[in-house]
Amino acid sequence: MEVDQKPKWKALSLLPPRAAWMLDNKLYRILTGSGYKDTELVEWSGVHEGQEVLELGPAAGYFTPALSKKVGENGKIYSIDVQAEMIAKLQDKVERLGLKNVSPLVAGGETLPLADDSVDSICAFYVLEEVVDLESVVSEFHRVLRPGGNVTVTQVAYDFKQYQKDAMRHIFPTGGFELLEESDGRWTYKARWRRTSTN
Ligand SMILES: C[S@@+](CC[C@H](N)C(=O)[O-])C[C@H]1O[C@@H](n2cnc3c(N)ncnc32)[C@H](O)[C@@H]1O
């Protein structure tokens, strides 16, 4: 879809850490439309064995174990959340499950603590609608992603407004990404973008 004018973007408030437990509850996820089976979504993202992956906004880490298993012992997951309390909860989970290839880090997507061209894939599952400055985050995605790498985005469909989709469909291409696949379902919106340009 072509969007000529820069559409508006308005972020929702951050999920409070006291509500993080809900996201680890499968029934809650089904009822709210964020009920993708973790392994199926990871499969759809194209993440594979040996990759280095940025997981933006993991909260307490519902998807982190599936990502960790997928990349295996030769891969690495950088799970980066802006809220320190979320990362503390994730750290507990990582230790409890013995996920040796996961590094939980506190940072905003607008200033990622990762080197240029350092990751193969990015997973932004149910997080971008909370991002205040989406252009900066997409610019950081472009910087840290190796050329040809993918960003997978998911949102709760009924909560994800048309103007936010329009903004995303404008900001990703402007930031050097092409759309590989998009699914605008009743319950969940999902899309995969590929880094194209090198600038
Ligand atoms: C709705 S939760 C989703 C958590 C997880 N991905 C899931 O699906 O269960 C969104 C998470 O993104 C984090 N977040 C929001 N804006 C962020 C930003 N600009 N940079 C990094 N993390 C952010 C929030 O702190 C929160 O933990």
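Analyst: Axes are lines fitted to C-alpha atoms, for helices over the stretch in contact, and angles run from 0 to 180 degrees between N-to-C directions. Helices (H or I, at least four residues) and strands (E, at least two) are DSSP runs, numbered from the N terminus. This is a predicted model, in which local features need pLDDT of at least 70 and side-chain atom pairs count only at pLDDT 80 or more, while totals for chains, interfaces and linings use all residues. Residues are numbered from 1 along each chain as its sequence is written.

Seven strands make up an open sheet with mixed pairing, in the order 3-2-1-4-5-7-6; two strands pair if DSSP finds at least two bridges between them. Strand 3 (102–106) and strand 6 (177–184) are the edge strands, each pairing on one side only. On average, neighbouring strands of this sheet are turned by 15 degrees against each other, direction ignored. Strand 4 (residues 119–125) pairs with strand 5 (residues 145–156) in the parallel sense over six bridges. Opposite Thr152 in strand 5 stands Cys123.

Contact here means that the C-beta atoms of two residues, placed from the backbone, lie within 7 Å.

Helix 6 (residues 134–144) also packs with helix 7 (residues 162–174), at an angle of about 40 degrees and with their axes 10 Å apart. The two helices are therefore oblique to each other, because angles under 35 degrees count as roughly parallel, over 145 as roughly antiparallel, 65 to 115 as roughly perpendicular and the rest as oblique. Helix 6 passes helix 7 in a right-handed crossing; a crossing is left-handed if the near helix is turned anticlockwise from the far one by less than a right angle, and right-handed if clockwise. Leu134, Glu135 and Val138 of helix 6 make the contact with Ala167, Ile171 and Phe172 of helix 7. By class, the residues of this contact are five nonpolar, no polar and one charged. Ala, Val, Leu, Ile, Met, Phe, Trp, Tyr, Cys and Pro count as nonpolar, Asp, Glu, Lys and Arg as charged, and the others, Gly among them, as polar.
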